[in-house]
Amino acid sequence: MPFGKRAGGGRRSAPREAAPLLAVFTTVTQSHGAILVDVSGTGARLRGPHVPQVGVGLFLSIGRIKIFGTVAWAERNEFGVAFDVALGAEHLEILREQVKRGAGLSPEQRAAIDGWILGSR
């Protein structure tokens, strides 16, 4: 399920960027790893074995990008975070560069990273 829609009819108007990056989210009591599935200036969709409840505030760290947000929705192993303050164009460009660097990974390497984050065997 996409986090918002890219065009027409969605609640979100900000364009989404596919962003298969490693992320760490920290709540008041715990920190967990997750995969950043996609991101816009106003929010992000993450996937992982630890899904916080809707309404929980958290601190999200994606490489050099650090931002506060609130869990907007949660389903099975995915959740959406609405950022407290929108990401600027410079931060989105940093994320694009990180995605480009990771684009050279083979499908097996990506699957291994995804499995490590999700705790798969």
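In the hairpin that joins strands E4 and E5, two residues lie between the strands, and glycine 63 adopts a positive phi near 60°. Strands (E, at least two residues) and helices (H or I, at least four residues) are DSSP runs numbered from the N terminus. The model is predicted, so local features need pLDDT of at least 70 and side-chain atom pairs count only at pLDDT 80 or more, while totals for chains, interfaces and linings use all residues. Residues are numbered from 1 along each chain as its sequence is written, and side-chain values use heavy atoms, with hydrogens and water left out.

Along the sequence, their order is β-β-β-β-β-β-α-α. Of the 121 residues, 36% are buried; here buried means under 20% relative accessible area, exposed means over 50%, and partly exposed lies in between (1.4 Å probe, protein chains only). The chain exposes about 7,200 Å², of which carbon and sulfur atoms supply 56%. Such areas come from the Shrake-Rupley method with a 1.4 Å probe, and for residues only the protein chains shown count as cover. Among contacts with a separation of 6 or more, 51% link residues 24 or more positions apart, a contact being heavy atoms within 4.5 Å.

E4 (residues 57–62) pairs with E5 (residues 65–75) in the antiparallel sense over six bridges; two strands pair if DSSP finds at least two bridges between them. Isoleucine 62 stands opposite isoleucine 65 in E5. E5 in turn pairs with E6 in the antiparallel sense, over six bridges, and glutamate 75 stands opposite glutamate 78 in E6. These two strands also form a hairpin with two residues between them, and arginine 76 in the turn has a positive phi of about 40°.

E6 (residues 78–83) leads on to E3, with which it pairs in the antiparallel sense over five bridges. Glycine 43 has alanine 82 of E6 as its bridge partner. E3 also pairs with E2 (residues 31–39), again in the antiparallel sense, over four bridges, and a hairpin of three residues joins E2 to E3. Valine 39 stands opposite alanine 44 in E3.

How far is E3 enclosed by the rest of the structure? Five of the five residues in this strand (residues 43–47) are buried, so E3 is largely enclosed. Gly43, Arg45 and Arg47 on one side are buried, as are Ala44 and Leu46 on the other, so that both faces are covered. Arginine 45, in strand E3, has a relative accessible area of 13%. Its side chain makes a polar contact with the side chain of glutamate 78 at 3.2 Å. A polar contact is a pair of N or O atoms within 3.5 Å; within protein, one must be able to donate a hydrogen and the other to accept it, and residues adjacent in sequence count only if both atoms are side-chain atoms.

The structure also holds two aromatic pairs. Rings of Phe, Tyr and Trp (its six-membered ring) pair if their centres lie within 6.5 Å; planes under 30 degrees apart count as stacked, over 60 as edge-to-face and the rest as tilted. Phenylalanine 25 and phenylalanine 79 form an edge-to-face pair, 5.1 Å centre to centre with 70° between the planes. Phenylalanine 25 lies in strand E1 (residues 17–26) and phenylalanine 79 in strand E6, so the pair ties together parts 54 residues apart in sequence. Phenylalanine 25 counts as buried at 2% relative accessibility, and phenylalanine 79 counts as buried at 0%. Phenylalanine 59 and phenylalanine 68 form a tilted pair, 5.0 Å centre to centre with 55° between the planes. Phenylalanine 59 is partly exposed, with a relative accessible area of 28%.
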